[in-house]
Amino acid sequence: MIFSEKTYQFMYAALQEAEKALDYNEVPIGAIVVKDEKMIGKGFNQVEKLKDATAHAEMIALTAAANHLNNWRLEDCSIYVTLEPCIMCTGAYWHPGSAIYTLQLLIQSLVLAAVYITLPRMLNLTIS
Ligand SMILES: [Zn+2]
């Protein structure tokens, strides 16, 4: 397994948030903030619902996480997002020890791993 089981669980939770956005006819984007392998913030895109250009899923998840920690500095937290974060969200999130996981990153990593595993077998090569 390339990623931990928790990584898949958190990305699945982000996808569930994205589905909530879709229920409100929003662009389906979801985000989860994690610290010490626990979800401390979640959010979905609510730009239209709140009539707020900054109500991106990440910003809502970050606000929820900051409220949870009672601290806007989300050090050593990870964020799981169903889309590459925009400049605003990336800037709002960037802290020491932070990590951003996106659905594209997970898929690209899985595809690369599949290529590296299957291609040598297909070509009957051995890697030493
Ligand atoms: Zn954003």
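Mentor: Start with the elements. Helices (H or I, at least four residues) and strands (E, at least two) are DSSP runs, numbered from the N terminus. Residues are numbered from 1 along each chain as its sequence is written. This is a predicted model: local features need pLDDT of at least 70, side-chain atom pairs count only at pLDDT 80 or more, and totals for chains, interfaces and linings use all residues.

Trainee: How many helices and strands does the chain have?

Mentor: Five helices and four strands. Along the sequence they follow the pattern α-β-β-α-α-β-α-β-α. The C-alpha trace spans about 55 × 35 × 25 Å along its principal axes.

Trainee: What is the mean pLDDT of the chain?

Mentor: pLDDT is the predictor's confidence in each residue, from 0 to 100. Here the chain's mean is 89, and 97% of its residues reach 70 or more. Among the elements, strand 2 has the highest mean pLDDT (97), and helix 5 (residues 103-122) has the lowest (78).

Trainee: Now the sheet. In what order do the strands lie?

Mentor: The general idea is that strands of a sheet pair through backbone hydrogen bonds, either parallel or antiparallel. Two strands count as paired if DSSP finds at least two bridges between them. In this chain, four strands form an open sheet in the order 2-1-3-4, with mixed pairing. Strand 2 and strand 4 (99-102) stand at the edges, each with a single partner strand, so one side of each has no neighbour in the sheet. On average, neighbouring strands are turned by 20 degrees against each other, direction ignored. For such angles, axes are lines fitted to C-alpha atoms, for helices over the stretch in contact, and angles run from 0 to 180 degrees between N-to-C directions.

Trainee: Is strand 1 enclosed or open?

Mentor: A residue is buried if 20 or more other C-beta atoms lie within 10 Å of its own, exposed if 12 or fewer, and partly exposed in between; C-beta atoms are placed from the backbone. Five of the six residues of strand 1 are buried, so the strand is largely enclosed by the rest of the structure. Over the chain, buried residues make up 28% of the 128 residues.

Trainee: And helix 5, how many of its residues are buried?

Mentor: Zero of the 20, so helix 5 lies largely in the open.

Trainee: Which residues touch the most other members of the largest nonpolar core?

Mentor: In soluble globular proteins, nonpolar side chains tend to be buried together. A nonpolar core is a set of buried Ala, Val, Leu, Ile, Met, Phe, Trp, Tyr and Cys residues joined through C-beta atoms within 7 Å. The largest one here has 25 residues, and Val33, Ala61 and Tyr80 touch the most other members. Helix 1 (5-23), strand 1 (30-35), helix 3 (57-69), strand 3 (77-81) and helix 4 (87-93) each give two or more residues. Helix 3 gives the most, with six.

Trainee: What covers the buried residues of helix 3?

Mentor: Two residues are in contact if their C-beta atoms, placed from the backbone, lie within 7 Å. The cover of helix 3 includes helix 1, strand 1, strand 2 (38-44), strand 3 and helix 4. Its buried residues include Met59, Ile60, Ala61 and Leu62. Leaving out residues up to four places away in sequence, alanine 61 touches Ala31, Ile32, Val33, Gly41, Lys42, Gly43 and Ile79.
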